[in-house]
Each structure stands twice: as structure tokens, then as C-alpha cells.
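The structure is shown first.

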Amino acid sequence: MGVEKECDCREPFHGGSFFDHEGLPYCETHYHAKRGSLCAGCSKPITGRCITAMFKKFHPEHFVCAFCLKQLNKGTFKEQNDKPYCHQCFDKLFG
């Protein structure tokens, strides 16, 4: 029996542990990519709290205004060109 390899990146599993998705083995990153649970801000797996906005998922601390980088809350932002903005920056830039 050889070293198990991940389905997408073909890297060996370190420590022999992997994530199962639909009967196939995946590394943590590709497992979350298949499940749609990678943060759109940092591209790392989301395992705790999550904000879903603009059809994307974010760690709460990575859902920030595209201009001033202030942390946003779902429902308290405006969107322009697929980017989130706080109301103040949106009005300053696009108002």
C-alpha cells in the first residue's frame, strides 16, 4: 500500500489524515473548496463563524470595506463592481 494522495493537488497526506467528500480523499483546502467554504478574503478554510454576502463566504474579520478596510457586517454595506463598501466610503466614492 503506497502513500495516499489528495484527489486535486496530488500531494501526499501529512500524518495520514485527510477529509472525505463524496467518498474521495482531500486535503483541508481542497475539501473546503469542494464544499464552498473557503474565505473569499483570505482563501483559507472557514471552520467557525461565517458571513455570506455577495454570493461569497468570508471569515467575519475578512469581510471589509474595499476602500477603508473597516470590518463590515452583513446588511450594513453597499456593493459596487462586486466589492463591498461601508456606507461612508460608498457615498464618498460613488455618491
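Me: In which loop is M54 found?
Reply: Helices (H or I, at least four residues) and strands (E, at least two) are DSSP runs, numbered from the N terminus. On that assignment, M54 is found in the loop between strand 3 and strand 4.

Me: What is the phi of M54, and is the residue buried or exposed?
Reply: Although M54 is not a glycine, its phi is positive, at about 55 degrees. Buried means under 20% relative accessible area, exposed over 50%, and partly exposed in between (1.4 Å probe, protein chains only). M54 has 11% relative accessibility, so M54 counts as buried.

Me: On what basis are residues numbered and values computed?
Reply: This is a predicted model, with residues numbered from 1 along each chain as its sequence is written. Local features need pLDDT of at least 70 and side-chain atom pairs count only at pLDDT 80 or more, totals for chains, interfaces and linings use all residues, and side-chain values use heavy atoms, with hydrogens and water left out.

Me: What is the mean pLDDT of the protein, and over which residues does pLDDT stay under 50?
Reply: pLDDT is the predictor's confidence in each residue, from 0 to 100. The mean for the protein is 85, and 91% of its residues reach 70 or more. The stretch where pLDDT stays under 50 is residues 1-6.

Me: Which pattern does the protein follow along the sequence?
Reply: The secondary structure comes to 2 helices and 6 strands. Read along the sequence, these follow the pattern β-β-α-β-β-β-β-α.

Me: What is the radius of gyration of the protein?
Reply: The radius is taken over C-alpha atoms, and the globule rule is 2.2 Å times the number of residues to the power 0.38. A compact globule of 95 residues would have a value near 12 Å. The C-alpha trace of the protein spans about 65 × 20 × 20 Å along its principal axes. The radius of gyration of the protein is 18 Å.

Me: What is the phi of N81, and is the residue buried or exposed?
Reply: N81 is found in the loop between strand 5 and strand 6. Its phi is positive and near 55 degrees, in a residue other than glycine. With 64% relative accessibility, N81 counts as exposed.

Me: Which residue forms a salt bridge with D82?
Reply: A salt bridge is a side-chain nitrogen of Lys or Arg within 4 Å of a carboxyl oxygen of Asp or Glu, and the structure holds 1. In this pair the closest N and O atoms are 3.1 Å apart, and the partner of D82 is K56.

Me: How many residues apart in sequence are the parts that D82 and K56 tie together?
Reply: D82 is partly exposed, with a relative accessible area of 41%, and K56 is partly exposed at 27%. D82 lies in the loop between strand 5 and strand 6 (83-85) and K56 lies in strand 4, so the pair ties together parts whose separation in sequence is 26 residues.

Me: Which residues touch the most other members of the largest nonpolar core?
Reply: A nonpolar core is a set of buried Ala, Val, Leu, Ile, Met, Phe, Trp, Tyr and Cys residues joined through side-chain atoms within 4.5 Å. In soluble globular proteins, nonpolar side chains tend to be buried together. Of the 14 residues in the largest core here, those touching the most other members are A53, F63, C65, L72 and F77.

Me: Which elements give two or more residues to this core?
Reply: Contributions of two or more residues to the largest nonpolar core of 14 residues come from strand 3 and helix 2 (87-94).

Me: With which residues is L72 in contact, leaving aside neighbours within four places in sequence?
Reply: Contact means heavy atoms within 4.5 Å. On that criterion, the partners of L72 are I51, F63, V64, C65, F77, P84, Y85 and C86.

Me: Is H59 buried or exposed?
Reply: H59 lies in the loop between strand 4 (56-58) and strand 5 (78-80). Its contacts beyond four places in sequence are C39, C42, K44, P45, I46 and R49. Its relative accessible area is 14%, so H59 is buried.
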